[in-house]
Amino acid sequence: MCRLFALTSRDPVSPMRAIDALNVMKEGHDGSGVGLFLSGLGGPWEELKEYPILSGIFTEDGLVQVFDYMAKKGFQSKFSVTFKPDIEPPVGTPKRGTYASIAYKVPDDWKGLTKEQADRNLVQTRLNLRAMGEEGGDIMVFSFWPDTIMIKEVGDPLAIAEYLKLDREELYARHILAQGRQNTNYAINLYACHPFFIEGISTMTNGENTAFVPIREYLMSRGVTGYQGYQSDSEVFTHIAHFATRKLGLDISSYKHVITPMNDEEMADHPDREFLVSLKRSCRKLIIDGPNCVIGCLPDGSMFMAQDRKKLRPGVVGGNPELGIYGFSSEICGLNAAIPDRDRTKDFQPMHLDTAIVGPDCREVLQCSQKDPLRLRH
Amino acid sequence: MLSERPITPSTLSRKDLPWQIKWDINTCTKCGRCTSVCPVNAIELGVFRKRDVKPPMGLSAKPTTEFSTFYGIRQRTDPAYACIGCAMCNMVCPNNAIEPTRQYDSTTLQFQNNRGGQPRTRGGRRNNSESLLDQLKFIRISMLTDPALDAGRHEFEMRTLLGRVLSPEAELQCFRDNGWKPPVREIYPLVIGGMSFGALSPNMWEGLQMGVAYLNEELNMPVRMCTGEGGCPPRLLRSRFLKYVILQIASGYFGWDEIIHAIPDMKEDPCAIEIKYGQGAKPGDGGLLMWYKVNKLIAAIRGVPKGVSLPSPPTHQTKYSIEEAVAKMIQSMSMAWGFRVPVYPKISASSTSLAVLNNLVRNPYAAGLAIDGEDGGTGAAYNVSMNHMGHPIASNLRDCYKALCVAGAQNEIPLIAGGGIGKHGNLAANAGALIMLGASMVQIGKYVMQAGAGCLGSEKDRCNVCNIGVCPKGITSQDPRVYRRLDPEKVAERVVDFYLSFDTELRKVFAPLGRSTSLPVGMSDALGISDKDAADRLDIKYVI
């Protein structure tokens, strides 16, 4: 079963802190894969916040194809960090080529576009590159978004971290999502590694999503660019978060009202009952049922954790507001390993109605209950 | 056989009859109950005269002849009175001295039962014992990664939505603008389908209504029942129980006057309005209430003379096409109740189902689509309709659901599937499979009669005399001498019993699949079938 660990910090930290936490939690996963989402990047990326970064794995041919394609579309390469391992990969990990993160200046003719159009174009560009690589396997693209790097690989997290030298300074980030384990119920596929990403929103999940097929069908019928792929049953959680926040304009504390609405008794005396009943009915297809813990990061850098109604996969949030660092972990031992210096009495384990949110300032854990009045409704 | 007995083309021997009466002379008490209860007069008391020749030993004495007379049961061989195998004779026999048995190699009656130039009409449903629904298996059982839920104790959300649900974007917009929202009902996903007051006996109807009311008011299960075509008893229309009722209207507005006149006196809105364009057992045909069942009460409710056959009237003259009919009727019915009541059409599953669905997707007032498959039952239909017309429900429903997925409206227009659910008693498994194929709810008719009132009909052409008012159990008869056999209280009890067990079984299906907080509508990855063609057609897993 997947192990999840997320860090949000005021200052950039090494992704190794998250990987080490995964390693501590190894008892619960088989070390079959690792995924990393990094945003709020430090090091050389600090000056390049507005340039979208293409993250992926490329063969020699693949890199040439990408450069050709991007040049043809009018993208200018501003900066790149590439890494080609010179040692033998760990057992079970194939030799793939170059792991690259390349920042691009967007084409000049995008200037007149609205943010929404430009965002959609970025997604479309990523999808085009992904489609180009699907035949030959020369290109694998995980994200194309400003201030975001994603790394995915099959294999044991710690071994992969050593193999890819993830302790490099150019990978230091303020917001890190890390997951250990490959696909649970579907075929092994690099794209199936968590976390998943779309338009600045990234989430990762453990457990099994039993409602995967109806949710996938529903999302795919929404006509949103980027709602595709679905190599993993958990990918839909990211898209639901995207749909709820970007398409419906709801606050992240409402995400839980979409995926796990309250029952009638719980809703009976809620001040926003009428709205919540409407939301429950119209978003009925997005109700999840698995034993899942969802941890995600939003474009503004805030991080959240929510559970399904059954709460069979409990997670924990804790941290140190003085140091400005908070961890979201699927097991408490991971949190202890990554942030030992914290007041453990303040650790928060969200129950089935709760969403835990830590803002980009990393000062406190905001605890939202579904019983609370709704915070923001745009 | 007597030498002068006429032998005509339709002369049958007992051997030609599919149902044979086995009568035991030794245990029979000659009480006569069997002959008096036989709904089709297939048996009669007979006086038999027997000649016994007794040859004495030797050559001197002549043989003597003795005549004896005894009384017994005689099975008639006239095709009009052929035994229907209902076994009522056995039910009333104190000694089990009589029973019908099926003789499978007798097919001759099939060629003789259309007499007087009239094709046979019968009640019941098509005599096809195959069921694709029973072949479906639930294969996605969660094991380690998702511990199976406790079906007995876990919290389950077993309700579904009937009514037009807005898309999330439209819903939020509507909330912001405080706009009009289509009415939506949260109901139990197993609905008692349309069986009219004329088709069912008053006792059966009363029993069903009592059962439904008990389920709602005592057990908090929002079960709904559809009235069927031809009006509704005035007292029910003016009672608070109307909210548990789906009123059916057919394209000919038959029996609708009563309902329209009652609107000002209604204390509650009905649950919904179902507009019937077709039903699975006789697609394209309307209902057929034969004259036997049109007694004074039924005639009064329907506003017709008593003792006349009542085929559904043809489509109303104001209707030009299905598109227009759907649009107009939905609009006018919605308007009649101030747009507070969901209105949806019911059609026969057919190759044109998708066309009707397309109309509905574009109609903001359409509250759903009920699709009735070929295995649906009926009070009366022609043999040829029942046996040879119609579309199986599974693939038709799947097509409709997938069309909704393409249109992105799969949560917006609920599909209601019916026709052959629980045909072999596997009600919860069949219903679960249809929900996973895309139905928001399912409707049943025959199952209620079989489980709730002990209907004797089967897929082997047993009984099936619902149309001529002689139902031996009193379910579909309008003759008080017959229907007083049925105790409405007992019907209500049985309805409650099977709903509760259905509920438990459905949870037992859903829990191992890991679903509890919403119905697994469209969860097709949970289904498998060992028939490759069926798997391809339904787009589910092929498993052997």
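This is a predicted model: local features need pLDDT of at least 70, side-chain atom pairs count only at pLDDT 80 or more; totals for chains, interfaces and linings use all residues.
Strand 10 (residues 201-205) and strand 11 (residues 293-297) of chain A run antiparallel and are joined by four bridges; strands here are DSSP runs (E, at least two residues), helices likewise (H or I, at least four), numbered from the N terminus. Residues are numbered from 1 along each chain as its sequence is written, and side-chain values use heavy atoms, leaving out hydrogens and water.

Zooming out, the two strands belong to an open, antiparallel sheet of six strands in chain A, in the order 9-10-11-12-15-16, with pairing taken to mean at least two DSSP bridges between strands. Strand 9 (196-198) and strand 16 (365-369) sit at the edges with a single partner strand each, so one side of each has no neighbour in the sheet.

Then there is the meeting of the two chains. Here 40 residues of chain A are in contact with 44 of chain B (heavy atoms within 4.5 Å). The count of salt bridges between them is six (a side-chain nitrogen of Lys or Arg within 4 Å of a carboxyl oxygen of Asp or Glu). One of these links A:Lys280 to B:Glu157, with the closest N and O atoms 3.8 Å apart. On the chain A side, helix 5 (212-220) and helix 9 (273-282) each supply at least two residues, and helix 9 gives the largest share, seven residues.

Terms used:
Chains are lettered from A and ligands numbered from 1 in the order in which they are written.
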